[in-house]
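Please read it alongside the sequence and the model.

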Amino acid sequence: MDNPFQYGSPVTGEHFAGREEELDLLVSRMVNTINVAVTSRRRIGKTSLLLRACDQVAAQSPKGAVVFANVFMCKDISVLASRLVSGIYAVSGQRVRRATQAVAEFARGLRVRPRVEIGDDGKPRFQFLGLDLTDGETIIEDVYRLLNGESAKRPAVLVLDEFQAITRFGPNMPDLFKGLADGFRGVSLVVAGSHRRMMDALVTGEGAPLYGMCQRLALTPVPEHVMVEYVGKRMALAGRTITPEAAVLLYRLAGPVPNDVQHLAFETFEKGVNDITEELVLAALGTTVDHEAATFADRAAELSEGQLRVVIALASLEKPGPIFTGAFARSVGLAGGQSVKKAIATLADDDTVVREGGYWRIGNPFFAAWLRQAG
């Protein structure tokens, strides 16, 4: 029996849970040429939401022209340019004609000519090798212009996920997108990022290059009742039952990040038991932690002694509480509250710790469980 849960990568289709309000808001802005900045911490479902919204816009009537790129996955501006050009070609409608003729006509609309290979599937592969920054910016402007041309007959959207990585290509790249968004009003620009401090500096903070031009959509965790209902329905579709108490326990052990809930639900399903109880969920948690133990040990080894004592103490707290106090500092062997703040600031950069509900906690619940065992 196929496991009905997915984790570890963005989910689409039936694996997408909740986010109806955020999805409606994002799709509405995309089709009405409103720029949006989506922010969240990592693994909370940002990319899944973006892909779901792109699918809806592309499937509506008239079909939207949507170009999507993950900036973080582009090692240099040549790769980003290649992916953007491939995206605008795919939505331009030329692909329905003979590939060689369509590609030649399409390439004439670009000021920097790509290298093109036609794959066995008949689809072209566009490549730009060794681009300098000026040529890269020219290609991005051409893509924006072509996408704006599509907006005369249908919604046109450019989605840049992990936008905080854009400055790796050049410090003025955010200014380029500011100018393009101002100059081509027919395109909805959606920028998204999982590093809040960097996104504030680029988009949402006062004085940022793109400040004031995007509606902000800050994602919060999917509510407990939504994920509990989702887990129950997915189990039932696969012929399993889970008690209400077990479903709530599963969420509270793994939540609030949907990816982690799906991960623990996957391991629970893998136990092969038709009637799932709280005991089985606890056993699945143990299995999940065992599978990741080597990774967690490597992460712990990267921490300073003080940072490690802080995360062990956070993982062991029975309930959230203040940690920038003399008492907490003494309990972890640090000089005082300022030393704890310094450790937390470093740990927060990669979401080892996160702030929710006014309190700090370990970002990965399975790492927290491993820390409790190790401590």
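## Helix packing, sheet and backbone

Helix 1 crosses helix 2 in a right-handed sense; a crossing is right-handed if the near helix is turned clockwise from the far one by less than a right angle, and left-handed if anticlockwise. Helices (H or I, at least four residues) and strands (E, at least two) are DSSP runs, numbered from the N terminus. This is a predicted model, in which local features need pLDDT of at least 70 and side-chain atom pairs count only at pLDDT 80 or more, while totals for chains, interfaces and linings use all residues. Residues are numbered from 1 along each chain as its sequence is written, and side-chain values use heavy atoms, with hydrogens and water left out.

Axes are lines fitted to C-alpha atoms, for helices over the stretch in contact, and angles run from 0 to 180 degrees between N-to-C directions. Angles under 35 degrees count as roughly parallel, over 145 as roughly antiparallel, 65 to 115 as roughly perpendicular, and the rest as oblique. On the helix 1 side the contact is made by Glu22, Leu23, Leu26, Val27, Met30 and Val31, and on the helix 2 side by Leu49, Leu50, Arg52, Ala53, Cys54, Gln56 and Val57. Contact means heavy atoms within 4.5 Å. By class, this contact of helix 1 with helix 2 has 10 nonpolar, 1 polar and 2 charged residues. Ala, Val, Leu, Ile, Met, Phe, Trp, Tyr, Cys and Pro count as nonpolar, Asp, Glu, Lys and Arg as charged, and the others, Gly among them, as polar.

A second pair is formed by helix 12 (residues 305–316) and helix 14 (residues 337–348), which pack at about 80 degrees with axes 10 Å apart. Helix 12 is thus roughly perpendicular to helix 14. Helix 12 contributes Gln307, Val310, Val311 and Leu314 to the contact, and helix 14 contributes Ala343, Ile344, Thr346 and Leu347. The contact of helix 12 with helix 14 has 6 nonpolar, 2 polar and no charged residues.

The sheet is open, with 5 strands in the order 2-5-6-1-7 and parallel pairing. Strand 2 (65–70) and strand 7 (215–218) are at the edges, each with a single partner strand, so one side of each has no neighbour in the sheet. From one strand to the next the twist averages 15 degrees. Strand 1 (residues 36–39) and strand 7 run parallel and are joined by 4 bridges; two strands pair if DSSP finds at least two bridges between them. Thr39 has Ala218 of strand 7 as its bridge partner.

Helix 2 also packs on this sheet, where it touches strand 1, strand 2, strand 5 (156–161), strand 6 (187–193) and strand 7, and its direction makes about 160 degrees with that of strand 2. Helix 3 (residues 77–91) lies across strand 2 and strand 5, at about 160 degrees to strand 2.

Met199 belongs to helix 7 (residues 196–204). Met199 is buried, at 0% relative accessibility; buried means under 20% relative accessible area, exposed over 50%, and partly exposed in between (1.4 Å probe, protein chains only). Not counting residues up to four places away in sequence, Met199 touches Val38, Thr39, Phe163, Gln164, Val191, Ala192, Gly193 and Thr204. Met199 and Val38 are 161 residues apart in sequence, with a C-alpha to C-alpha distance of 9.3 Å.

Asp142, in helix 5 (residues 133–150), is also buried, with a relative accessible area of 1%. Apart from neighbours within four places in sequence, Asp142 is in contact with Gly109, Leu110, Arg111 and Val112.

| Cis peptide bond | Omega |
|---|---|
| Ser61 to Pro62 | about -5 degrees |
| Gly255 to Pro256 | near 10 degrees |

Pro62 lies in the loop between helix 2 and strand 2, and Pro256 in the loop between helix 9 (244–254) and helix 10 (258–270).

Thr33 has a phi of about 55 degrees and lies in the loop between helix 1 and strand 1. Thr33 is partly exposed, with a relative accessible area of 37%. Asp351 has a phi near 65 degrees and lies in the loop between helix 14 and strand 10 (353–356). Asp351 counts as buried, at 18% relative accessibility.
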